[in-house]
Amino acid sequence: MVKEQIKEQMKILHDKKKIAQLGLEQGIGSYRTVAWATEWFKTLVKSDNSPMRAAAAKKLAPRS
């Protein structure tokens, strides 16, 4: 059982995206005011960037 846990942890340590996400989550810790950063990061590293494009389009669209 311990060997399996070590194996899983080693997989995380060798995955650049997962280790960056882990660092971000640990870095912000209990600061609730920056919790949006975690969601932003998760959206950024996803292969589907449609939500980011939609948010950018809303920001760039002229207001009427």
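This passage describes the fold, the surface and selected residue pairs of a predicted protein model.

The structure is a predicted model in which local features need pLDDT of at least 70 and side-chain atom pairs count only at pLDDT 80 or more, while totals for chains, interfaces and linings use all residues. Residues are numbered from 1 along each chain as its sequence is written, and side-chain values use heavy atoms, with hydrogens and water left out.

The protein chain contains 4 helices and 0 strands, where helices (H or I, at least four residues) and strands (E, at least two) are DSSP runs numbered from the N terminus. Read from the N terminus, the order of elements is α-α-α-α. Confidence is expressed as pLDDT, the predictor's confidence in each residue on a scale from 0 to 100. The protein chain has a mean pLDDT of 77, with 81% of its residues at 70 or more. Among its elements, helix 1 has the highest mean value (86) and helix 3 the lowest (74). Where pLDDT is low, the predicted coordinates should not be read in detail.

Burial is described by relative accessible area: buried means under 20%, exposed over 50%, and partly exposed in between (1.4 Å probe, protein chains only). Of the 64 residues of the protein chain, 8% count as buried. The chain exposes about 6000 Å², of which carbon and sulfur atoms supply 60%; accessible areas come from the Shrake-Rupley method with a 1.4 Å probe, and for residues only the protein chains shown count as cover.

A nonpolar patch on the surface is formed by Val2, Ile6, Met10, Leu13, Ile19 and Leu22, which together have about 520 Å² of accessible area. Patches are made of residues with over 30% relative accessible area and no salt bridge, like charges being joined within 9 Å and nonpolar side chains (Val, Leu, Ile, Met, Phe, Trp, Tyr) within 5 Å. Helix 1 (2-14) and helix 2 (16-28) each supply at least two residues of this patch, and helix 1 gives the most, with 4 residues. Val2 lies in helix 1 and counts as exposed because its relative accessibility is 55%.

The structure holds 1 salt bridge, defined as a side-chain nitrogen of Lys or Arg within 4 Å of a carboxyl oxygen of Asp or Glu. This salt bridge joins Lys11 and Glu8, whose closest N and O atoms are 3.7 Å apart. Side chains of opposite charge can pair when their charged atoms come close. Because Lys11 and Glu8 are 3 residues apart in helix 1, about one helical turn separates them. Lys11 is exposed, at 53% relative accessibility, whereas Glu8 is partly exposed, at 41%.

Ala37 is buried, since its relative accessible area is 13%. The C-alpha atom of Ala37 is separated by 8.9 Å from that of Glu25, and the two residues are 12 residues apart along the chain.

Helix 4 (residues 50-60) includes Met52, and Pro51 is also found in helix 4. Both are partly exposed: Met52 has a relative accessible area of 27%, and Pro51 has a relative accessibility of 40%. Apart from its neighbours within four places in sequence, Met52 is in contact (heavy atoms within 4.5 Å) with Trp40, Thr43 and Leu44. Met52 and Trp40 lie 12 residues apart along the chain, with their C-alpha atoms separated by 8.6 Å. For Pro51 and Trp40, which are 11 residues apart in sequence, the C-alpha to C-alpha distance is 9.9 Å.
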